[in-house]
Number of protein chains: 2
Amino acid sequence: MPGLRPRQQQILDFIRAYRADHSYMPSVREIQAGCAISSTSVVDYNVRILEREGYLRRSPDISRGIELVGDEPERAVELISVPIIGTIAAGSPMPVPEVTGWPAEDVETVSLPPELTPRHSEQLYALRVKGYSMIDALIDDGDIVVLRPAADPRDGDLVAAWLKLEEEATLKRFYREGDRIRLQPANTQMEPIMVAADNVEVYGKVVAVIRRLE
Amino acid sequence: MPGLRPRQQQILDFIRAYRADHSYMPSVREIQAGCAISSTSVVDYNVRILEREGYLRRSPDISRGIELVGDEPERAVELISVPIIGTIAAGSPMPVPEVTGWPAEDVETVSLPPELTPRHSEQLYALRVKGYSMIDALIDDGDIVVLRPAADPRDGDLVAAWLKLEEEATLKRFYREGDRIRLQPANTQMEPIMVAADNVEVYGKVVAVIRRLE
DNA sequence: ATGGAGTTGGAACGTCTGTTCGGGGCCCAG
DNA sequence: CTGGGCCCCGAACAGACGTTCCAACTCCAT
């Protein structure tokens with residue numbers, strides 16, 4: 001992506017510099033001030049272009065909702081050890097990570113190579129899949145799924161969810177549709193299921209699946 | 001700083017998880033929703049405490065102006081680096097590991113954690129799966145399969161095989177039946193296929209499957 | 001000139017968001 | 001009982017913020 005007008009380059013540089021100083025993102029008006037632009041609409045105009053060109057992403061109607069792409073912050077280079085805190089099966093409750101005294105002594109762990117490690121790896125945990133109920137998510141009996149506590153999952157994320165009414169754990173892709181939620185199997189040939197938003201409890205977002213064979 | 005009320009711990013966990021998913025910080029009302037709190041003032045109250053206790057910093061009057069203080073170190077363990085020598089798809093020939101001058105310079109690699117490393121890890125290689133032809137083996141597009149050259153596969157092994165007549169690469173479980181070979185999909189609901197022994201060339205035995213999700 | 005595409009400027013609208021205020025339970029020492 | 005921390009609730013205020021609309025400007029090929 002070569003073509004980038006000076007104004008856009010200037011804005012991009014400002015955002016990068018701002019990001020180095022603060023852990024949150026600049027607002028439109030801060031960009032305006034920092035780049036000596038006389039109107040917020042000019043910022044919006046150029047930021048739109050930057051988004052269209054793939055330099056960043058925006059979350060509409062969200063303050064400071066700019067995300068830089070290709071600028072993965074502080075990816076850990078070393079091997080991460082993730083505790084396997086239990087099993088997940090269709091009909092049995094999922095274990096949830098205990099917040100207190102997390103690094104227990106005797107839990108089994110799995111190590112994640114750097115290539116698999118997401119941006120923030122502090123609170124990862126893993127579950128061993130029991131049974132064949134996740135077949136539609138291309139997940140086999142015995143697989144290990146690595147999860148991250150999901151605050152406010154985004155559309156399309158593969159999440160581990162607990163359906164309260166059905167008393168069932170499931171791994172599906174998450175889509176918000178008004179006050180309901182569509183859970184879409186990873187296997188696209190299968191039909192999605194619709195559930196009320198207050199019937200689904202999202203425990204985590206799947207960041208990796210590991211299968212070890214004999 | 002030991003004493004941290006459950007509500008505060010909950011909020012802290014939510015912020016950390018949110019931060020892992022988004023590059024910007026959650027708003028007070030998002031914390032409220034994510035922690036099932038019924039008022040923004042409760043969030044403000046507890047976030048104030050978290051700030052006073054030194055867990056985070058706030059920039060007043062700034063949307064999403066929360067900054068987490070302190071991040072954790074990681075540990076390093078020994079891990080095996082496996083070259084990804086190519087892709088495997090249904091209709092195209094599989095690459096085979098070159099025995100000579102193996103450690104090429106510019107090949108992509110994937111690191112295997114110790115738990116995944118089999119006994120003899122010297123000649124491991126990996127392929128990236130292209131397309132959805134391995135769905136019946138519960139292997140998705142983009143998955144990485146780690147292989148070991150299989151001199152004499154045992155019954156039940158999951159092998160990467162090349163069907164000469166059909167000119168097709170496939171991942172199936174291997175069963176010898178007289179002078180023919182039964183290739184059984186991992187998905188037990190699907191029918192096995194029978195091929196003549198001299199029509200199948202076993203390239204390797206799958207020792208691990210790794211799937212990384214965004 | 002002339003027109004269009006790309007860009008800037010100014011202002012306003014509506015919402016998002018941090019913050020504050022008054023009130024109300026709960027628990028325990030006095 | 002009384003009072004005071006401690007925590008939660010609902011509502012509202014004021015400012016921060018993303019977004020939109022329209023006019024004007026530059027540049028360039030026609």
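This passage describes how the protein chains lie against DNA strand C and then turns to one helix of chain B. The structure is a predicted model, in which local features need pLDDT of at least 70 and side-chain atom pairs count only at pLDDT 80 or more, while totals for chains, interfaces and linings use all residues. Residues are numbered from 1 along each chain as its sequence is written, chains are lettered from A and ligands numbered from 1 in the order in which they are written, and side-chain values use heavy atoms, with hydrogens and water left out.

Polar contacts, that is, pairs of N or O atoms within 3.5 Å, include one of 2.9 Å between the side chain of B:R58 and a phosphate oxygen, and one of 3.1 Å between the side chain of A:N46 and a phosphate oxygen, whereas a polar side-chain atom of A:T40 lies 3.5 Å from a base nitrogen. Helix 3 of chain A (helices being DSSP runs of H or I, at least four residues) gives the most to this surface, with 6 residues.

In chain B, helix 1 comprises the 16 residues 6–21, which at 1.5 Å a residue should span 22 Å, and its end C-alpha atoms are 23 Å apart, in agreement with that expectation. Helix 1 of chain B is mostly covered, since 12 of its 16 residues are buried (under 20% relative accessible area, with a 1.4 Å probe and protein chains only), including B:I11, B:L12, B:F14 and B:I15.

Key:
A residue is near a molecule or strand if one of its heavy atoms lies within 4 Å of it. A polar contact is a pair of N or O atoms within 3.5 Å; within protein, one must be able to donate a hydrogen and the other to accept it, and residues adjacent in sequence count only if both atoms are side-chain atoms. Helices (H or I, at least four residues) and strands (E, at least two) are DSSP runs, numbered from the N terminus. The expected span of a helix is 1.5 Å times one less than its number of residues. Buried means under 20% relative accessible area, exposed over 50%, partly exposed in between (1.4 Å probe, protein chains only).
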